[in-house]
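Please examine the structure shown below alongside its sequence. The paragraphs that follow lead through its strands, helices, domains, core and ligand shell in turn.

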Amino acid sequence: MTIDVAIVGGGLAGAALGTHLGRAGREVVIFERAPAWRWRAGGVFTSPATVAALRRLGLDDAALARIARPVPAMRVETPRGADFRLTYGDDGSLAAPAVGLDRAVLDPLLLGLAATAGADVRPGVTVAGVEQPAGTGGHFEITLSGPDADTRTELARVIVGADGIRSQIARSMGVARPARLAARTALTYHLADPAPELARDARMRILRDGYVGIAPVPRGRVNVGIVLGPSWRAALHADGADQLAARLVSEIPATADDPASWRAGEPTDTVEGAAPVGHRVSAVAGLGWFLVGDAAGFLDPFTGEGIHRALISAELAADAIDGLRSGRRDASSAAAAYEHALRVRFRAKDWVSSLVQLFLGRPALFEYAARRLAARAGPRERMSLVMGDLVRAERGLDPRFLAALLRP
Ligand SMILES: Cc1cc2nc3c(=O)[nH]c(=O)nc-3n(C[C@H](O)[C@H](O)[C@H](O)COP(=O)(O)OP(=O)(O)OC[C@H]3O[C@@H](n4cnc5c(N)ncnc54)[C@H](O)[C@@H]3O)c2cc1C
């Protein structure tokens, strides 16, 4: 039997897309390599815009309370002592705050939503490759391997890569390109939080050639996300990931409003790594194929937009694929519509993120900007709305804004 829409990857992007398409009455199969959810390198801190997208997927207050811990602000701290708080539009009341997510609950919950919407979710199945052989009427031939290591093929009319930063589908379609930033290593895990009820700020400690992010998450934990540039390779090799991560965390200072007692908390999972972080593609769609989430490109966790983008790209791709499968669009216009919608939504944000990376790569410049952000409420507020995808990112590129932020 030919699959109508095959989604490769059951992370946030794949599960959200499967839910939208299932609800639209499309026949969908989701292939997910992992037999069951387990912690792996990924993000948890996200803006109120993600909470809104999760509501659109159908999560109610009770579900959101289970998967999201309110975070009043992200505090960015430089090595030379500047710090500023990004509040993502929340006025301190925590009515619509940024959040730290419990991925162990959220990811399976979204896959469950997809199954409820009618998607056929197949865990433990890896897509090893995709081709479009002659004689299949333009269908895709997917090579699958299961837990028993047997290999078989299936045909699909539409294929979607929701398979993250090492996207097999992007490679099979010939659009994967080297990331623009230098190869970095990410390490992530959780520590027990001795004050689990506290609404505490997330913290982003800038290091030389890297950074450490700390985000409070549900079930009494903080998430640790460390990203290290090439100059850390020798230390990583000498110390090992666990020891280096523990050392970097122990060096985060206590502050007036964060005694940082979580530093001594027990790890609640293993340190999971990803290297190199980052992924770029030359196109996000073509005739009958689409890329969503990280598979469609991922710059760096610093600007924290991966989760929101995964959910929005799923919404936009669902629209294009539904148009294609219902006959409202042909393959070429469905691909063009998705490519255009994603560009309109995120191109300016990509420029802002690249600008932030430019500063981050030059410590003196970042320090200069951080001190001005700390002193200037207006630019700081706007920066946090832009970073959180809460206003159009073009506002972060407006010369008047940049002048107000950067003038001496
Ligand atoms: C260290 C780190 C920190 C981050 N911090 C943040 C943050 O603070 N905020 C934020 O918004 N974002 C952050 N991100 C990014 C965020 O984690 C991702 O953007 C988000 O998880 C993307 O979801 P996704 O569904 O596109 O991909 P993934 O979550 O990577 O899901 C891809 C899925 O595809 C499956 N898969 C892969 N290959 C195959 C295959 N061949 N066959 C079948 N299945 C396959 C995988 O098992 C996986 O389940 C961070 C990322 C990293 C690495």
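**A guided reading of the model**

Strands E3 (45-46) and E7 are antiparallel and are joined by 2 bridges; strands count as paired if DSSP finds at least two bridges between them. The helices (H or I, at least four residues) and strands (E, at least two) named here are DSSP runs, numbered from the N terminus. Residue numbers start from 1 along each chain as its sequence is written. The model is predicted: local features need pLDDT of at least 70 and side-chain atom pairs count only at pLDDT 80 or more, while totals for chains, interfaces and linings use all residues.

A residue is called buried if 20 or more other C-beta atoms lie within 10 Å of its own, exposed if 12 or fewer do, and partly exposed in between, with C-beta atoms placed from the backbone.

The loop between strand E6 (83-86) and strand E7 (98-101) contains leucine 94. Leucine 94 has a positive phi of about 60° although it is not a glycine, and this residue is partly exposed, with 13 other C-beta atoms within 10 Å. Aspartate 389, likewise not a glycine, has a positive phi of about 55° and is found in the loop between helix H11 (377-387) and helix H12 (399-406). Aspartate 389 is buried, with 25 other C-beta atoms within 10 Å.

How many of the 10 residues of H2 are buried? The number is 7, so H2 is largely enclosed by the rest of the structure. The buried residues of H2 are Pro48, Ala49, Thr50, Val51, Ala53, Leu54 and Leu57. Just after H2, glycine 58 takes a positive phi of about 115°.

At the level of domains, the chain is divided into domain 1 (3-351) and domain 2 (364-406), with bounds that come from an automatic or database domain assignment. Their C-alpha centres lie 25 Å apart. Contact between them involves 21 residues of domain 1 and 18 residues of domain 2, where two residues are in contact if their C-beta atoms, placed from the backbone, lie within 7 Å. Helix H2 (48-57), E6 and H9 each supply at least two residues of the side of domain 1 that touches domain 2. That side has 11 nonpolar, 6 polar and 4 charged residues; Ala, Val, Leu, Ile, Met, Phe, Trp, Tyr, Cys and Pro count as nonpolar, Asp, Glu, Lys and Arg as charged, and the others, Gly among them, as polar.

The largest nonpolar core has 120 residues, and those with the most contacts inside it are Leu17, Ile159, Val160, Val292 and Ala317. Such a core is a set of buried Ala, Val, Leu, Ile, Met, Phe, Trp, Tyr and Cys residues joined through C-beta atoms within 7 Å. H8 gives the most to this core, with 11 residues. Domain 1 and domain 2 both give residues to the core, so it lies between them. Not counting residues up to four places away in sequence, alanine 317 touches Leu17, Val160, Phe290, Val292 and Tyr338.

Tyrosine 338 is found in helix H9 (residues 331-360) and is buried, with 26 other C-beta atoms within 10 Å. Beyond four places in sequence, the residues that tyrosine 338 touches are Val284, Ala285, Phe290, Leu316, Ala317 and Ala320. Tyrosine 338 and phenylalanine 290 are 48 residues apart along the chain, and their C-alpha atoms are separated by 8.2 Å.

Finally, 39 residues surround the ligand, the closest being Gly9, Gly11, Gly43, Gly293 and Gly306; a residue is near a molecule if its C-beta atom, placed from the backbone, lies within 6 Å of it. Elements that give two or more residues to this shell include helix H1 (12-23), strand E3 (45-46), strand E17 (272-277) and helix H8 (306-325). H8 gives the most, with 4 residues. By class, the shell has 18 nonpolar, 16 polar and 5 charged residues. Proline 276 is found in strand E17, and a cis peptide bond with omega of about -10° joins alanine 275 to proline 276.
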